[in-house]
Amino acid sequence: MSAVQDDTAQGSAGQKTPDAEVETPFRRFIADYAENKIAVFGAVSVLLVILVALLGPLIAPTDPYDLASVTFMDNLLLPGEQMGSGVTAMLGTDGLGRDMVSAMIYGLRISLGVGIGSGVIALLIGVTFGLCAAYFGGKVDTVIMRVVDIQLSFPAILVALVLLATLGKGVDKIIAALVVVQWAYYARTVRGSALVERRREYIEAATCLGLSKPRVIFRHMLPNCLPPLIVVATMQVAHAISLEATLSFLGLGLPVTEPSLGLLIANGFEYIMSGKYWISVYPGLALLFTIVTINLVGDRLRDVLNPRLQK
């Protein structure tokens, strides 16, 4: 009887219980991130904002870019009033007769597209130069980092204003201006991390094995530099959105036919003193909500991905 019990006990010990899950780095990251409820709220909010932007044409009550459906007779309607087409303007209309809800959804699409698009391009350029500066060192490092220092010595808004005044208006123009403004941040960040990784044994081993320099840089060194890059990329997307809104507010960003949130705020600025607050206030709240939630995600990512900040 005891032998049977021993065999049963050994069999039970050898089997894994359903609750015993293997802890992976991803699960540990999710668990650490979820400890902060405000950061979870920020992540959910960012996902909802992106979802609204992606589904904009499907959920927007009207198309603010369709000049055939926009009529001047619907201009400056109060929130809740009905437009000539029968659609209720929940947040009112602007001076051109566009439904504010629809204009904000489409404006959000442009703001996110410009922020994420410029961030990705600037990330690719900055990471390439930063990794090359750290890996090759010497004159390559000196030249690249002096260019980065010169770039960062000028205010971002000033550089963007000069470029847009030269290039003109348009989505591609403002993305190019934001890329020029942002790439240096990525280059300096990745260089600092890559300098530490450059002295690691695995880099020496990869070099002794005769691997090509691009493979050593991008296949071995880059993955170990990703945590600080993820944090900087999140912050820079929020910075790019706010910078694009500032440029559009000043009239140097996007054309009137493609209004972003910043341009919507500018369009209603002249009506604020006359009591028509909704034209600027609601796009401003949407812009503020988007930037704050992205920054909440970035702050939590910084705490989770930096072991020195973990308690």
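This is a predicted model: local features need pLDDT of at least 70, side-chain atom pairs count only at pLDDT 80 or more; totals for chains, interfaces and linings use all residues.
Residues are numbered from 1 along each chain as its sequence is written, and side-chain values use heavy atoms, with hydrogens and water left out.

**View 1. Helix H7 crossing helix H11.** Helix H7 (residues 156-167) and helix H11 (residues 226-249) have axes that come within 11 Å and cross at roughly 55 degrees; the axes are lines fitted to C-alpha atoms, for helices over the stretch in contact, and angles run from 0 to 180 degrees between N-to-C directions. H7 is therefore oblique to H11, given that angles under 35 degrees count as roughly parallel, over 145 as roughly antiparallel, 65 to 115 as roughly perpendicular and the rest as oblique. Helices here are DSSP runs (H or I, at least four residues), as are strands (E, at least two), and both are numbered from the N terminus. On the H7 side, the contact (heavy atoms within 4.5 Å) is made by Ala156, Ile157, Ala160, Leu161 and Leu164, and on the H11 side by His239, Leu243, Thr246 and Leu247. By class, this contact of H7 with H11 has 7 nonpolar, 2 polar and no charged residues, where Ala, Val, Leu, Ile, Met, Phe, Trp, Tyr, Cys and Pro count as nonpolar, Asp, Glu, Lys and Arg as charged, and the others, Gly among them, as polar.

View 2. A salt bridge is a side-chain nitrogen of Lys or Arg within 4 Å of a carboxyl oxygen of Asp or Glu, and a search of the whole structure finds 8 of them. In one, Arg191 pairs with Asp141, the closest N and O atoms being 2.7 Å apart; because Arg191 lies in helix H8 (residues 171-198) and Asp141 in helix H6 (residues 138-153), the pair ties together parts that are 50 residues apart in sequence. Arg191 is partly exposed at 22% relative accessibility, whereas Asp141, at 13%, is buried (buried means under 20% relative accessible area, exposed over 50%, partly exposed in between, with a 1.4 Å probe and protein chains only). Asp149 and Arg188 form another salt bridge (2.2 Å, N to O). Asp149 lies in H6 and Arg188 in H8, so this pair ties together parts that are 39 residues apart in sequence. Asp149, at 25% relative accessibility, and Arg188, at 41%, are each partly exposed, and a network of salt bridges links Arg146, Asp149 and Arg188.

**View 3. Leu76 and its positive phi.** Most residues other than glycine have a negative phi. Leu76 has a positive phi of about 60 degrees although it is not a glycine; this residue lies in the loop between helix H4 (56-59) and strand S1 (81-82) and is partly exposed, with a relative accessible area of 22%.
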